[in-house]
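I set out below what I looked up in this structure, in the order in which I looked it up.

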Amino acid sequence: MANEWDDPIGYVLRSSTSGFSAGAGLTQIDSLAFGMIVKTQPSTDTREVLYGLLYDIHIDDDPLVRQLVLAEAVTEETIRDQRVHRIAPVEMSVLATGYRDVDGQIRQALPPRPPISLAPVYLCTDAESREFTDYFDYFRLVLSASQVPGEQLLAANLVRAALTRPESEQYDFLVSAGREAARLLSGDMARLDNLLRLIYPNRVRITE
Amino acid sequence: MAKKTTEIDDFFGPRSPRLGVVTGGSLSRGLDVKLDPGTELEELAAGRYVVVHGHQRRFFSMVTDITLASTSAQIAITPPDMSNPFLADVYGGSMAFGVVHIAPMLVINENRQIEPVRTIPPHFQEVWTATEQDINDVFGDEDESHFNIGAPLELLNTQINVDLKRLTERSVGVFGKSGTGKSYLTRILLAGVIARGAAVNLIFDMHNDYGWEVYNELGARDKGLKQLFPDKVAIFTLDDESSRRRGVRPDFVVTLAFNEIDPEDLSALRQTMDLSDTMLDAAYTLRRLWGRDWIQQLLTAEPHILEDLLNTTTINGPSLTALVRRLQRFERFKFLVPQTQGDTVQEILNYIESGRSVVLEFGRYGNALEAYILVANYLTRRLRERYVKRIEESLGDEAKQPPQLMITIEEAHKFLDPQIARQTIFGTIARELRKYKVTLLVVDQRPSAIDEEVMSQVGTRVTALLDNEKDITAVLMGVNGAQGLREVLARLDTRQQAIVLGHAVPMPVVIQTRPYDEAFYKAMGAPLQGKSLKRAAKASGKTLYGDDEFEGYG
């Protein structure tokens, strides 16, 4: 198995205890997806790990892009060169949803401190995603975060998390997650209904 | 996820599926249990046993009500699309869930001892369906003093055993609306009492349901107590002709003498024969004036004698005329004779003292309520007098005491109506408890018509379906957690289901009654006959000779 700390997908640009933004080269775009669980290390103590959900991936323009969009004949080579060597990074926002404490336990709560700038950011392996999503305490953080589309983000995360599990467990996982969401959103049927429709396992095979 | 095991699991052993957790309640009202999402609501039923596993105790409880609840009022206004299986699975058990109300009936402590319920488990303790082991811990095994009367609902491999000593030391009531199998239940109880020798019985058998044989609802013939216990049961009859027509050979034909009927015997007939106070006063006056033959003299009196009577006593004319008319009904009863050949009461007493139960068949008189009440009252009053005498004579010497006697009466409310219960012998017996070793087994369809004080003294109540509110209230009077049991009682099947509560069982229990069939006869030790005998012989032959060699018995 590859070392889970190899190949960062980006580096922290700005951070707070509620989340952080990271920058990456445009070539990383294919490995990023809305709702993924990413991790970084908030301190020099390598036992501490911060987990978060990836949302709001955006690509800002730069002066060269602005010129190129107006140019009449731009070669394929120029476009590729601009993408590889562009000076503005792909920016992604991460909502902090938990951390692994120095005792090795995962806590689904805001981390004690934010990651420092330029800390490398990594994608979680399937095993880590599974471990993190075995508990649903982070739902509340996602659904109550004002800066994110809560149901959309949680739904994207759950569908991904389901796919990290064996086929025979996927349906039950989504039902359990749906029940927890129902508990939290019992006063807001519109949001709950939206979330449940997003995670309805039409892509995940029902194995009952 | 693997189920966590705890010390309590190790101690109590394997458990059946978890139903939910306790979410509220009180000692007086019972507990609310929120069902787990996986618990199938439709499989739960009022009357089912569940066990709450507290920290140190098991709370043995009964489901008394089932309700639907939701975490949001909105869901009731805009129900989700339950045709979508995923949405159905998510909503079912989370936002919309079932709640059962359970009544803790008793507690099993760490030492497996049974205690009454004096506390409740804390919040969120797990609730499980009762296992066979739980049932056995509570109701024990069948033995010399415990008799199997059926199985709890949905746990038909277990059995509910009543404590016969406790059953017979206080009066017993068998209640249920018409056609719910009261006689069937009574026959099972009586068979147990006779088989184990817990008491000797005197059964006033109104419709010939107990003695020799009876037709069940399928039209087949069930054995009566005499066939099950030929040496322990005697059949007495008031109607020899009817008995012989039914192929019964009675042990004794009962006759009562007119000159032995006292005004007290008429008191019990006050309502049935519409006897007023002035008519009864007239009866007492006549008994005082004319002595033992007062009835016959009255029925044969010339007009001038009656006129003299009216002139010389305080008896008024209309009352006397009405009394004569009422007493003339007795002339239809062939068992009433001017003078008896023997002493019926002593004859019954002889059987009872030798440990033999007596079934008194009424034959054609079973349909005449006044005959039933007159005879039951007449015999019981005299028997009890002699019992009291015997008990008083034998004080300090238990060996001389007569055996425990249980008297079975049907249509009990006619004897124990609030207006007459204080004046009849049956009211007295019910109130005396076990003081004179005589108790009642009352069979009735209108328990609400029985005097409240008498009902409060009925130690064990076996109740089939009742749907009248007043009757349900009467049966549950004085029972802890009665409110919950009301629902159970009103939802029993119309056949072969009953709730047993009171002195003879550790807690109220809904039972599927034991079948009254060949297996029952065998358990009672009755000799096999006909096809049953052939089957048994065949089975024994195979045991002895194997399949190949044995060809006998056809």
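**Entry 1. Conventions.** I note that this is a predicted model, in which local features need pLDDT of at least 70, side-chain atom pairs count only at pLDDT 80 or more, and totals for chains, interfaces and linings use all residues. Residues are numbered from 1 along each chain as its sequence is written, while chains are lettered from A and ligands numbered from 1 in the order in which they are written. Helices (H or I, at least four residues) and strands (E, at least two) are DSSP runs, numbered from the N terminus.

**Entry 2. The sheet.** I looked up the strand order in chain B and found an open sheet of 12 strands, E9-E8-E23-E22-E21-E10-E20-E19-E11-E18-E14-E15, with mixed pairing. Two strands pair if DSSP finds at least two bridges between them. Strand E9 (160-163) and strand E15 (252-253) of chain B are the edge strands, each pairing on one side only. E9(B) runs antiparallel to strand E8 (residues 146-152) of chain B, and four bridges join them. I located B:His146 opposite B:Asp163 of E9(B).

**Entry 3. Strand E20 of chain B.** I asked how many of the seven residues of E20(B) are buried. Seven of the seven are, so E20(B) is largely enclosed by the rest of the structure. A residue is buried if 20 or more other C-beta atoms, placed from the backbone, lie within 10 Å of its own, exposed if 12 or fewer, and partly exposed in between. B:Val438, B:Leu440, B:Val442 and B:Asp444 point one way from E20(B), and B:Thr439, B:Leu441 and B:Val443 the other way. E20(B) is parallel to E10(B), to which four bridges join it, and B:Val174 has B:Val443 as its bridge partner. With E19(B), E20(B) pairs in the parallel sense over six bridges; there B:Thr408 stands opposite B:Leu441.

**Entry 4. Helix H4 of chain B.** I looked for the buried residues of helix H4 (residues 132-139) of chain B and found B:Asp134, B:Ile135, B:Val138 and B:Phe139. Down the axis of H4(B), these buried residues fall within an arc of 110°, so they line one face of the helix. The arc is that of the directions from the helix axis to the C-beta atoms. An α-helix has 3.6 residues a turn, so residues three or four places apart point the same way. The buried residues of H4(B) pack against strands of chain B, among them E8 and E9. Just after H4(B), B:Gly140 takes a positive phi of about 65°.

**Entry 5. Two crossing helices.** I found that the axes of helix H10 (residues 277-290) and helix H13 (residues 317-328) of chain B come within 9 Å and cross at roughly 80°. Axes are lines fitted to C-alpha atoms, for helices over the stretch in contact, and angles run from 0 to 180 degrees between N-to-C directions. H10(B) is therefore roughly perpendicular to H13(B), a term for angles of 65 to 115 degrees. H10(B) contributes B:Thr278, B:Met279, B:Ala282 and B:Ala283 to the contact, and H13(B) contributes B:Ser319, B:Leu320, B:Ala322 and B:Leu323.

**Entry 6. Chain B against chain A.** I noted that 14 residues of chain B are in contact with 11 residues of chain A, contact being C-beta atoms, placed from the backbone, within 7 Å. Helix H2 (73-77) and helix H3 (85-91) of chain B each give two or more residues to this side of chain B. H3(B) gives the most, with five residues.

How values were computed. Parallel < 35°, antiparallel > 145°, perpendicular 65-115°, else oblique. Contact = placed C-beta atoms within 7 Å.
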